[in-house]
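Subject: Structure handover

Hello,

Please find the structure below. My notes on it follow.

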Amino acid sequence: MPEKPPHIAANAFKSRKWDELTAGRGFKEADVPALELLCQWHAIVERCIDDMTTADDEVHVAYSNDHDEIKALPQVGIMKQASAEIRALNKQLGIKDGNDEKQQPKETRLYVIQTNREKRAAGAALRAGA
């Protein structure tokens, strides 16, 4: 397991994220730069969330400028970019984010008919062999 870089260890959030990301995984020293970036992007998301959340836990995504125009907070776009970077780094590092499981086919009417037909055919084959 590679050693935690000093600048990551010095930041409480990044240090916890490093520990979370590396726990039980066999990263190599060559993975350190990508892990550092991953911790940084997670910290950016956390900062955006903090910036967008008020003291009463309300989330704000827009503001009104001096001309009374409603504008999206820049943090929304930053979070979108950070999310894409996190997904790319996770993929590069082989970190599964839980959504990679094989998806079940959508249960459409055609799918139900095909499944029932397969079950009947398998049952018929068993009865014919008995």
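In which loop does Val61 lie? Val61 sits in the loop between helix 3 (32-52) and strand 1 (62-64). Helices (H or I, at least four residues) and strands (E, at least two) are DSSP runs, numbered from the N terminus.

This is a predicted model, in which local features need pLDDT of at least 70 and side-chain atom pairs count only at pLDDT 80 or more, while totals for chains, interfaces and linings use all residues. Residues are numbered from 1 along each chain as its sequence is written, and side-chain values use heavy atoms, with hydrogens and water left out.

Overall form

The protein chain has 5 helices and 2 strands, in the order α-α-α-β-β-α-α along the sequence. Its radius of gyration (taken over C-alpha atoms) is 24 Å, well over the 14 Å that the globule rule (2.2 Å times the number of residues to the power 0.38) gives for 130 residues, so the chain is more spread out than a compact globule. The C-alpha trace spans about 75 × 50 × 25 Å along its principal axes.

Of the 130 residues, 24% count as buried; buried means under 20% relative accessible area, exposed over 50%, and partly exposed in between (1.4 Å probe, protein chains only). The chain exposes about 10,000 Å², and carbon and sulfur atoms supply 52% of that area (Shrake-Rupley method, 1.4 Å probe).

Among contacts (heavy atoms within 4.5 Å) with a separation of 6 or more, 52% are accounted for by residues 24 or more positions apart.

Val61

Val61 is partly exposed, with a relative accessible area of 47%. Leaving aside residues up to four places away in sequence, Val61 touches Met52, Lys71, Ala72, Leu73 and Val76. Val76 is 15 residues from Val61 in sequence, and their C-alpha atoms are 6.8 Å apart.

Two positive phi values

Most residues other than glycine have a negative phi. Asp57, which is not a glycine, has a positive phi of about 65°. Asp57 lies in the loop between helix 3 and strand 1 and is exposed, at 64% relative accessible area. Asp68 also has a positive phi, near 60°. Asp68 belongs to the loop between strand 1 and strand 2 (70-72), and is exposed as well, with a relative accessible area of 65%.

Regards
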